[in-house]
Amino acid sequence: MNYDVARDIDTHTHRIGRTGRAGEKGTAYTLLTAADKEFAPNLVRNLENANQAVPKELINVAMEVCRKSHKDSNRGEAKRDRTFQNSH
């Protein structure tokens with residue numbers, strides 16, 4: 001059970017790798033809080049790459065993060081465009 005999200009996906013992978021050893025299977029749980037939601041897309045990608053089931057709730061959080069990130073990047077582009085237009 002991971003109560004604290006790892007700082008990066010490689011550390012997370014190492015942590016959950018301890019769940020199953022010597023060919024044994026295990027189940028790893030990672031708890032996310034609102035402060036950790038930026039890590040959700042990494043978790044989805046990791047689970048998909050390992051051919052694991054991805055909980056719908058995790059997909060929803062990851063999609064929310066990606067939409068917000070895309071919206072923020074578009075807002076920055078629009079601001080840069082306005083700045084460029086005003087300077088010429």
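Predicted model: local features only at pLDDT ≥ 70, side-chain atom pairs only at ≥ 80, totals over all residues.
I started with the largest pocket and asked who contributes: helix 1 gives the most to its lining, with four residues.

The lining comes to 23 residues, and the pocket's volume is about 740 Å³. Nearest the pocket centre I found H12, I16, A28, Y29 and L47.

Then I moved to helix 2, residues 40–49. Which of its residues are buried? I got A40, P41, L43 and V44. Looking down the axis of helix 2, I see these buried residues within an arc of 160°, so they line one face of the helix.

Last, salt bridges. How many does the structure hold? I found one. The partners are E64 and K37, with their closest N and O atoms 3.3 Å apart. E64 sits in helix 3 and K37 in the loop between helix 1 and helix 2, so the pair ties together parts 27 residues apart in sequence.

I wanted to know how accessible the two partners are. E64 has 39% relative accessibility, so I put it down as partly exposed. K37 has a relative accessible area of 27%, and I logged K37 as partly exposed too. For both calls I used the band between 20% and 50%.

Terms used:
Residues numbered from 1 in each chain as written. Heavy atoms only, no water. Buried < 20%, exposed > 50% of the residue type's maximum accessible area, 1.4 Å probe, protein only. Helix = DSSP H or I, 4+ residues; strand = E, 2+ residues; numbered from the N terminus. Arc of directions from axis to C-beta. 1 Å grid on protein atoms, 1.4 Å probe; cavity = no way out; pocket = protein on both sides within 12 Å on 5 of 7 lines; lining within 4 Å. Points joined across faces, edges and corners; volume = space filled by probe spheres on them. Salt bridge = Lys/Arg side-chain N within 4 Å of Asp/Glu carboxyl O.
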